[in-house]
Amino acid sequence: MTKLPKSFYQRQDVVKIALELIGKVLVTNVNETLTSGVIMETEAYSDRERGCHAYKGMTARNKVMFGEGGIAYVYLCYGIHRMMNVVTNKKGKADAVLIRALKPLVGIDRMIERARANSIARLTSGPGKLTKALGIGRELNGQSLKGSDIWIQDEGINVTKHQIVSSPRIGIDYAGEDALLPWRFSFKDSEWVSR
């Protein structure tokens with residue numbers, strides 16, 4: 001197990017980081033319970049484009065995005081679903097990668113319990129589902145991804161470019177032409193990718 005270094009997150013190319021996060025492992029240690037999953041789907045967001053929360057500048061909601069790369073940005077969507085993002089780039093830049101789907105790895109029974117699910121099927125196949133299953137709440141907003149509560153590690157899973165599909169991001173029609181950017185990356189033919 002090797003936690004990704006800060007230098008991984010603090011690069012300037014958020015699209016490349018989103019692509020390279022496919023196959024890495026997101027881990028949480030919530031209430032002394034370890035859960036994890038292989039990242040199967042991501043979306044890149046840059047403060048230069050209208051799909052990004054930080055496009056119009058800093059607000060109380062998005063101020064975590066303006067921190068240095070390597071922290072978690074967890075926000076509520078529609079007042080219900082928690083969304084887990086990885087802040088990238090240098091302090092003040094406000095780029096981030098949304099983690100959209102995982103393949104469950106460790107602590108599956110606890111994930112099923114948290115999600116109040118009947119089985120593993122589709123347990124972490126969406127951004128709101130995976131946060132519920134991994135116990136990711138707003139209290140992790142702003143937490144370092146080098147800490148002991150939430151982190152991303154490299155377990156040597158080899159993913160080739162031929163195994164990754166790029167497409168437009170989901171649910172950002174308000175972003176006009178920027179909604180068409182092919183900044184959503186997913187593991188080809190994975191049952192864990194969101195629908």
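A charge sits over a ring if NZ of Lys or CZ of Arg is within 6 Å of the ring centre and within 35 degrees of the ring normal. I started with that rule and looked up two cases. Arg-11 lies over the face of Phe-8, 4.6 Å from the ring centre. Lys-3 lies over the face of Trp-151, at 4.5 Å from the ring centre.

I note that this is a predicted model, in which local features need pLDDT of at least 70, side-chain atom pairs count only at pLDDT 80 or more, and totals for chains, interfaces and linings use all residues. Residues are numbered from 1 along each chain as its sequence is written, and side-chain values use heavy atoms, with hydrogens and water left out.

**Aromatic pairs**

I next looked up ring pairs. Rings of Phe, Tyr and Trp (its six-membered ring) pair if their centres lie within 6.5 Å; planes under 30 degrees apart are stacked, over 60 edge-to-face, and the rest tilted. By this rule I get 2 aromatic pairs. In one of them, Phe-8 and Tyr-9, the ring centres are 5.4 Å apart and the planes stand at 85°, so the pair is edge-to-face. Both Phe-8 and Tyr-9 are buried; buried means under 20% relative accessible area, exposed over 50%, and partly exposed in between (1.4 Å probe, protein chains only).

Helices (H or I, at least four residues) and strands (E, at least two) are DSSP runs, numbered from the N terminus. Two strands pair if DSSP finds at least two bridges between them.

I followed E3, which spans 33-45. Of its 13 residues, 11 are buried, so E3 is largely enclosed by the rest of the structure. Strand E2 (residues 25-30) pairs with E3 in the antiparallel sense over 6 bridges, and Val-30 has Thr-33 of E3 as its bridge partner. E2 and E3 form a hairpin with 2 residues between them, and Asn-31 in the turn has a positive phi of about 50°.

E3 also pairs with E6, antiparallel over 9 bridges; there Glu-43 stands opposite Leu-98 in E6. Strand E9 (residues 184-187) runs antiparallel to E3 and is joined to it by 3 bridges, with Thr-42 opposite Phe-185 in E9. I found Phe-185 again as the bridge partner of Ser-166, where strand E8 (residues 164-167) and E9 pair in the antiparallel sense over 4 bridges.

**Largest pocket**

A pocket is an open set of points on a 1 Å grid over the protein atoms alone, where a 1.4 Å probe fits, with protein on both sides within 12 Å along at least five of seven lines; lining residues have an atom within 4 Å of a point. The largest pocket holds about 450 Å³ of space, a volume being the space filled by probe spheres set on the points.

Which residues lie nearest its centre? I find Tyr-75, Cys-77, Met-83, Ile-170 and Gly-171, out of 23 lining residues. E3, E4 (72-77), E5 (81-88), E6 (95-106) and helix H4 (127-134) each supply at least two residues of the lining.

**Gly-142**

Last, I looked up Gly-142, in the loop between H4 and strand E7 (150-154). At 34% relative accessibility, Gly-142 counts as partly exposed.
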